Amino acid sequence: MTARFHRTPFLAAVAALLVPLLAAPWAAAQSNIKPAAALAYVPNEGSGTISVIDTHTDQVIAELPGGGKPRGLAVGVDRRWLYVSDQPNNRLQLVDLKARKLGNTIALGESPEGVAISPDGRWVVAAVEGKNEIAVTDTRSNALAFSIKVQGKNPEHAVFSPNGKLLLVSAEEGEAVDVIDFGARKQVAQVAVGARPRGIGFLLDSSRAYVATENANEVFVIDTASFAILARIKAGLRANGIAVHPGGREVYVSNGGDANVAVIDTASNQVVATIPVGQRPWNMALTPDGKKLYVANGRSNSVSVIDTASRTRLRDVAVGKLPWGVVIK
């Protein structure tokens with residue numbers, strides 16, 4: 001005979017009481033678990049270090065070695081390797097983020113500056129000023145794969161479009177932006193802009209690029225299909241860094257001579273606000289959700305943290321000497 005157990009009304013009532021009580025502590029514990037914080041990496045060219053900031057707490061949680069004079073950097077997709085341009089030593093310095101120590105180096109040529117990683121994480125590019133070329137490292141082997149010559153003199157920044165098709169290069173002494181078809185591995189256009197172009201940023205759909213020109217004190221807006229100039233926006237004194245909000249509604253430009261960050265409305269192409277920061281603000285980065293902007297202040301040895309919703313500076317975080325930029329991952 002097979003025994004049968006029936007759920008009586010009494011047992012059902014007890015279960016109805018116990019299940020929520022047992023589940024409550026688990027649910028409370030789950031609600032207190034925060035996702036891993038994005039980390040802000042700050043190359044300090046004066047002290048040869050990389051400051052690491054936890055973007056939840058805005059506290060420096062580590063100081064990593066960065067080579068002789070770290071400037072541009074990129075973080076590998078798995079946060080295993082940091083790729084840093086060691087400018088006086090003419091090389092790309094790898095930093096092991098787990099062991100927190102220097103790894104191998106890759107010879108690049110005279111005076112490497114800006115560094116970026118492709119959207120798929122496969123390629124790391126470095127603008128090599130002395131050779132007027134872009135050096136490309138394959139992250140699968142951490143070895144130099146190939147180089148691409150550019151027409152502009154003294155390339156400073158090389159930035160991928162979000163779709164990975166284009167690489168835009170600011171020619172610091174050429175008053176132009178070089179356009180590279182990355183799939184074809186060659187330059188396909190050059191766009192004349194103002195004097196001393198620096199930082200570059202794209203809308204998320206890759207349709208527009210924004211270029212800060214330091215000596216012209218302007219931001220140039222480039223249509224990436226036609227390579228036409230869509231707008232010229234008056235910025236502050238010595239405009240240099242660019243960061244684009246992931247929502248696409250705002251672009252931020254750091255004005256090194258004015259010690260502030262200007263906010264550009266992308267619908268009107270007008271500056272709608274300025275936010276004071278530290279001295280000689282330089283390169284910048286946003287958290288993935290776009291809620292906070294981190295600005296490297298070269299002469300203040302700090303990073304200013306801006307709340308993008310209220311457009312206010314929340315705090316300054318002390319870092320190493322002469323911070324050059326910020327990358328967040």
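Is Arg-185 buried, exposed or partly exposed? Arg-185 turns out to be partly exposed, with a relative accessible area of 45%. Keep in mind as you look around that this is a predicted model.

- Most residues other than glycine have a negative phi.
- Arg-185 isn't a glycine, yet its phi is positive, at about 60 degrees.
- To find Arg-185, go to the loop between strand E14 (176-181) and strand E15 (186-192).
- Arg-79 is another non-glycine residue with a positive phi, this one near 55 degrees.
- Look for Arg-79 in the loop between E4 and strand E5 (81-86).

**Salt bridges**

- Side chains of opposite charge can pair when their charged atoms come close.
- This structure holds 19 salt bridges, and three of them are picked out here, starting with Glu-113 and Arg-71, whose side chains meet at 2.6 Å, N to O.
- That pair links distant parts of the chain: Glu-113 sits in strand E8 (residues 112-117) and Arg-71 in strand E4 (residues 70-75), 42 residues apart.
- Both partners, Glu-113 and Arg-71, are buried.
- Next up are Lys-149 and Glu-133, with a salt bridge of 3.8 Å, N to O, between their side chains.
- Since Lys-149 belongs to strand E11 (residues 143-149) and Glu-133 to strand E10 (residues 133-138), the pair ties together parts that are 16 residues apart in sequence.
- Lys-149 has a relative accessible area of 54%, so it is exposed.

**An open sheet**

- Trace the order E3-E2-E1-E28 and you'll follow an open sheet of 4 strands with antiparallel pairing.
- Its edge strands, E3 (59-65) and E28 (327-328), each pair on one side only.
- Strand E2 (residues 49-54) runs antiparallel to E3, and 6 bridges join the two.
- On that stretch, Ile-50 stands opposite Leu-64 in E3.

**A closer look at Thr-105**

- Thr-105 is part of strand E7 (residues 101-107).
- With 40% relative accessibility, Thr-105 counts as partly exposed.
- Leaving aside residues up to four places away in sequence, Thr-105 touches Arg-91, Leu-92 and Gln-93.
- Thr-105 and Arg-91 are 14 residues apart along the chain, and their C-alpha atoms are separated by 6.4 Å.

- Rolling a probe the size of a water molecule over the atoms shows where empty space is left.
- The largest pocket holds about 1400 Å³ of space.
- A set of 44 residues lines the largest pocket, and the closest to its centre are Val-159, Met-284, Ala-285, Val-327 and Ile-328.
- Elements giving two or more residues to that lining are E4, E8, E12, E16, strand E20 (239-244), strand E24 (281-286) and E28.
- E4 supplies the largest share of the lining of the largest pocket, with 5 residues.
- Sorted by class, the lining of the largest pocket has 29 nonpolar, 13 polar and 2 charged residues.
- In the second largest pocket you'll find about 160 Å³ of space.
- The second largest pocket is lined by 11 residues, and nearest its centre are Ala-38, Thr-55, His-56, Thr-287 and Asp-289.
- That lining divides into 5 nonpolar, 3 polar and 3 charged residues.

Methods
Residues numbered from 1 in each chain as written. Predicted model: local features only at pLDDT ≥ 70, side-chain atom pairs only at ≥ 80, totals over all residues. Heavy atoms only, no water. Salt bridge = Lys/Arg side-chain N within 4 Å of Asp/Glu carboxyl O. Buried < 20%, exposed > 50% of the residue type's maximum accessible area, 1.4 Å probe, protein only. Pairing = 2+ DSSP bridges. Contact = heavy atoms within 4.5 Å. 1 Å grid on protein atoms, 1.4 Å probe; cavity = no way out; pocket = protein on both sides within 12 Å on 5 of 7 lines; lining within 4 Å. Points joined across faces, edges and corners; volume = space filled by probe spheres on them. Nonpolar A, V, L, I, M, F, W, Y, C, P; charged D, E, K, R; others polar.
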